[in-house]
Amino acid sequence: MQSTLALDIAHLLAGGIVLVSFMMLYQDRLFALLNMFTLHALVLAASVAWQAYIQGAKHLYVTAAIALLFKAIIIPLALHRMIVKLGVHRDIETAVGVGQTMVAGMGLVALSMALMFNVTSEADPLVREDLAFALSVVLLGLLIMVTRRNAVSQIVGFMSLENGLVLAATGAKGMPLVVEISVAFSVLVAFIVIGAFLFRIRERFDSVDVGALDEFRGDRR
Amino acid sequence: MNAAALQLYCIVAFLALAALSVAAAFRPRASAGLYIANAVVAATAFAFSFAALFKGGDPALVHLPIGIPWLGAHFRIDALSSFFLSVINFGAATASLFAVGYGRREPEPSRILPFYPAFLAGMNLVLIADDAFTFLVSWEFMSLTSFALVIAHHHERENRRAAFVYLTMACFGTLSLLFVFGLLAGADGGYVFNDIRSRDLGAGLGGAVMLLALLGAGSKAGLAPVHVWLPLAHPAAPSHVSALMSGVMTKVAVYAFIRIAFDLVGISDWSIAAPVMLIGGATAVLGILHALMERDIKRLLAYSTIENIGVIFAMLGFAMAFQANGMAVQAALAFVAALFHVANHSIFKGLLFFGAGSMLNATGVRDIEQMGGLIHRMRKLAPLFLVGCVAISALPPLNGFASEWLAFQAVLQSPDLPQLGLKILSPMVGALLALAAALAAACFVRLYGVAFLGRPRSDHAIEAHDPDGWSLGVIGLMAALCVIFGIVPGIVLDALAPVATLMLGTPLAVQSGNDWLSVIPVNATQSSYNPLLLFFFIALSSFLAASVSRLTASHDYRRSPAWACGFEPAGAQTQYSGASFSQPIRNTLGRIAFRAAETVDMPPPGDQQPARFTLRLRDLVWDAIYGRIASVINAISDKLNALQFLTIRRYLSLVFATLVLMLLGLAAWS
């Protein structure tokens, strides 16, 4: 059994990720959103590393390193370049108002807390709360994707959703390293593919606003 | 090394052949060699399983650490498996040998060769699986490989439709079996068959499992009303595969039903026997009525398979009814009759499909109304095919009669059943079976008469010639087996004793000690059948009749034109046709079963228009069940079509909303 302090720090870090998710939710500029995402990944890496330390699981350090390298450094840098190249760094965008979004986000966190505490009543308390935080992060990531109109910020939402999955995986003991590595790489591949598509979309429509795609199909905004 | 391990080696050999076929299929000469290799492996597997059936003893077990980690793959061979393995591998060996010659005409061998051994491996795997997971995976593997064989000739639109219907029905069948094993394993998930056997299900759950098993296994076997794919899919495949699907794969389904009903669940309740009997009887009549109306020879044979499967399931129903009432001898009789018919049907259906394949190759058509006169052109095939027709028509002294006679003996035991419902139902089912047997005889008289007798009905038939030596040899072997099984059924029945002992606890009385090799199922005062004497009587009397007519008849004969009522010699079209032959049955039973409607459009005198006769048959099962389901699904998809044209954000929102709703539901429920 771990000491209470170790548990508290684990909770602090996992809760920190949820907090950063909320911060992402109300950013209306792309660079700010990107910075928040970098912070998100940093806190995730710290959380995973801490889990590795208290669980004594060596392979989680690898996961933490992957999170740090890919999500906190490579992907934000690449996205930064992409935003500059696409020339959308001055765009201000949200599809739904900040207030409603925040309220919806809080509802989602409440839902995942209530659900996880109910469903996993017999599990280890560390795992329980970790899973609740992870589900919150996943749902908030989905919410970011739904409330944005710009394709780049949808990617960021997707990436933060994936961070929630990693958080859940590290909390549940016994997830093999192979699975985590393959998830990490599939996200990377998805990122590359989506990035390539973004440039193609932009070439054709002069915009990465997904509304442009709808217009092209004959729908009204 | 035990029997299960030997069988697994054979399966590995089949899979290796499948891999080899992928590499070799592009070499045109490879086909014959590969089929011979298949035949060798199948014959080896047959030898192993046949030896296991005779050796008896404890079931052979093998446990491999593949598949689900905590479960692994369990394999087991007991008497039931080894009997069905023998039937299947014999069928596989003969089909492979037939294909050595037949496969040369195959336009696209690379579409068939790799899947053929895989299909054989799949069927073998189903029979030795000893846990639910392995069973279902093997079952699905068998379905998918046979689907690949059905769609091999995909250029024809009809075949694509057949494959689609088959795939849909196979999914449905596997789904039912999935539920069966889910219910059997229970909440604890004991998926190994031994755990399932030791569980007590209770009457309600047991009944549900039986009905689902009937649906799942029945959809593969071809029970009405889930038979619709069978007459489409079996003919679509190349003939040797049709023979396998019809003669052998349906038996795998019979095995699945026996395994679940008699072994895993156990027979304790008579009420479940009633639907099995009734569905079996109805299937038999429906199948053979369809066969009587059919012109396509391979579809005709497929429909006849449905009839035989109906007979087998009806017998299994009788065995269940007797067993539930503790009438052990009678149960063994019905059960053994079913198994004997399984073996017999696989032999003569194989023979007939091989014959049909040879006729198809020789004439290029599948329509029997375009054949005719083949007895003069396919001189060697004609008598062998006749043996198959006589056997399947249940005429003495061949094997079809032996098993159907046993079946009717079981029906005649039914007045001893204590329940009034079964007392009433049994004679009804018996009557249905008798009707089916009579109609089957009519059906095969029609097939043989129209295809082989008379004058060629089209130019295709004029050019017909005998098939190659491989094909003829295999067909001859099977015809010989039809005769042998018919003349000494006692030996076969004794070989089935371990299976009946394993499933029911009591075997049929030993037959091989009886005088004159007669068959006495219950006791001699009730009934006995002596095929050997009957055979000699038939042989002797026909020999005598032939010699008397030869001796007394005039020896000088003259050739003269046939008298045609004073008319000019008419074309081949005016011969008595298959449609004419089945007309009386169409007008009586067909009016109910198919809503048969005939209209004659006779132009008035002086009009130059030709007279027209149109015949409309409706498949009521298709209209009533499948047509409705299809229209409901179409209506729903029309409504949901709008979902195809949403924006990306709407889709995301939809996914998100669904997820949140389900989570909310879970939160509220837990």
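## Terms and basis

A salt bridge is a side-chain nitrogen of Lys or Arg within 4 Å of a carboxyl oxygen of Asp or Glu. This is a predicted model, in which local features need pLDDT of at least 70 and side-chain atom pairs count only at pLDDT 80 or more, while totals for chains, interfaces and linings use all residues. Residues are numbered from 1 along each chain as its sequence is written, chains are lettered from A in the order in which they are written, and side-chain values use heavy atoms, with hydrogens and water left out.

## The contact between the chains

Between chain A and chain B the count is 0 salt bridges. Chain A brings 20 residues to the contact and chain B brings 15 residues, where contact means heavy atoms within 4.5 Å. Together the two chains bury about 1500 Å², 76% of it on carbon and sulfur atoms; buried area is the accessible area (1.4 Å probe) that two parts lose on being put together, summed over both. Leu111(A), Leu115(A) and Val146(A) supply 33% of the area that chain A buries against chain B, more than any other three residues.

## The nonpolar patch

On the surface, Leu39(A), Leu42(A), Leu68(A), Leu69(A), Ile73(A), Ile74(A) and Leu77(A) form a nonpolar patch with about 580 Å² of accessible area together. Such patches join nonpolar side chains (Val, Leu, Ile, Met, Phe, Trp, Tyr) within 5 Å, from residues with over 30% relative accessible area and no salt bridge; accessible areas come from the Shrake-Rupley method with a 1.4 Å probe, and for residues only the protein chains shown count as cover.

Leu42(A) lies in helix H2 of chain A, helices being DSSP runs (H or I, at least four residues) numbered from the N terminus. Leu42(A) is partly exposed, with a relative accessible area of 41%, which falls between buried (under 20%) and exposed (over 50%).

Technical notes: Patch = residues over 30% accessible without salt bridge, like charges linked within 9 Å, V, L, I, M, F, W, Y side chains within 5 Å. Helix = DSSP H or I, 4+ residues; strand = E, 2+ residues; numbered from the N terminus. Buried < 20%, exposed > 50% of the residue type's maximum accessible area, 1.4 Å probe, protein only.
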